[in-house]
Structure formats: structure tokens, C-alpha cells
Amino acid sequence: MEAIATVADQVKICREYALLGNYDASLVYFDGVLAQIQHTLRTRHDPHAHAQWVRAKEELAAEMQLVKDIAYELRGFREAPGTRREREREPAPRSALGDGYDPDVWPASSTHAPRRPFAR
């Protein structure tokens with residue numbers, strides 16, 4: 001039972017750090033929690049408890065990966081443009097209209113002549 005309470009406290013700290021934007025500290029705690037779960041898995045012999053710990057470890061590993069992805073993206077904003085090595089991503093979805101229109105991109109500026117200020 002002590003292992004459950006310790007893991008629960010450590011996971012709470014992981015999540016608090018992530019919510020506060022301290023992703024690196026959160027990842028350190030996640031590593032510690034996963035190591036502690038791995039140690040618990042080696043000492044447990046009950047198949048039901050073992051399966052629950054394995055499931056918890058998998059879910060926490062997935063959560064840790066999300067925090068890693070956020071930290072990676074945040075570091076990208078801090079680097080100079082063009083210096084970041086892009087990882088492979090899926091291509092952006094094409095517009096349903098198929099004509100190159102993308103609602104997330106501002107439209108091109110109009111070709112109208114600039115308006116002169118109103119004279120009084």
C-alpha cells in the first residue's frame with residue numbers, strides 16, 4: 001500500500017509541474033515514477049496486481065510522451081527560425097474545397113488602392 005500512496009503523490013507532483021509549465025521538472029518526476037513502478041513490478045507476484053501496475057505504467061508513459069511533445073514544441077519557439085530540425089509530421093489536411101483555400105490562413109490583401117484619410 002505504501003507504493004500506491006508514494007506513486008500517487010509523485011504523479012500529482014508530475015501533473016502540477018506540467019500544469020504550471022515546468023515541463024522539464026515534470027519529466028524528471030515522470031522518470032522517477034516510472035522507475036518506481038518498474039521496481040514495484042519486479043517485487044509483485046500477484047497476477048492481478050501486476051496487470052494493474054503494467055496498465056498504470058503504460059498510461060503514465062503515454063502521459064509523459066505528451067509532456068515531452070509539449071516541451072519539444074516550446075523549445076522550438078525559443079530557437080532561431082531555420083535552426084530547428086523538423087521531425088516528420090503528417091501532411092496538413094487539404095481544404096474540403098480543394099481550391100487551395102485554407103480557413104486558418106489569412107486571405108491575400110485586396111488589390112484596392114489605399115484609402116486616403118478623411119479630410120476635414
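**View 1. L74 in helix α3 of the predicted model.** In this predicted model, residue L74 has its place in helix α3. L74 is partly exposed, because its relative accessible area is 30%, a value that lies between the limits of under 20% for buried and over 50% for exposed residues. Although L74 and Y23 are 51 residues apart along the chain, their C-alpha atoms are separated by 9.5 Å.

**View 2. The buried residue S26 and its surroundings.** S26 belongs to helix α2, which runs over residues 23-43. With a relative accessible area of 0%, S26 is buried. When residues up to four places away in sequence are not counted, S26 touches C14, Y17, A18 and V67.

**View 3. V67 and its contacts.** Leaving aside neighbours within four places in sequence, V67 is in contact with S26, and also with A18, Y23, L27 and F30. V67 is also one of the residues that touch the most other members of the largest nonpolar core.

View 4. Helix α1 has 18 residues and reaches 26 Å from its first C-alpha to its last, which is close to the 26 Å expected at 1.5 Å a residue. The buried residues in α1 include A3, V7, V11, C14 and A18. Because these residues cover an arc of only 60 degrees around the axis, they are on the same side of α1, and the buried residues of α1 pack against α2 and α3, the latter covering 47-78. On the other side of α1, by contrast, E2, K12 and L19 are exposed. After α1 comes G21, whose phi is positive and near 90 degrees.

**View 5. The largest nonpolar core.** This core holds 17 residues, of which V7, F30, V33, I37, W53, L60 and V67 touch the most other members. Each of α1, α2 and α3 supplies at least two residues of the core, and the largest share, seven residues, comes from α2.

**View 6. Confidence along the chain.** The chain has a mean pLDDT of 80, and 68% of its residues reach 70 or more. Among the elements of the chain, the lowest mean pLDDT, 91, belongs to helix α1 (residues 2-19), while α2 has the highest, 93. Over residues 88-97, however, the pLDDT is below 50, and this stretch has three contacts in the model beyond near neighbours in sequence. Where pLDDT is low, the predicted coordinates should not be read in detail.

How values were computed: Residues numbered from 1 in each chain as written. Predicted model: local features only at pLDDT ≥ 70, side-chain atom pairs only at ≥ 80, totals over all residues. Heavy atoms only, no water. Helix = DSSP H or I, 4+ residues; strand = E, 2+ residues; numbered from the N terminus. Buried < 20%, exposed > 50% of the residue type's maximum accessible area, 1.4 Å probe, protein only. Contact = heavy atoms within 4.5 Å. pLDDT = per-residue confidence, 0-100. Expected span 1.5 Å × (residues − 1). Arc of directions from axis to C-beta. Core = buried A, V, L, I, M, F, W, Y, C linked by side-chain atoms within 4.5 Å.
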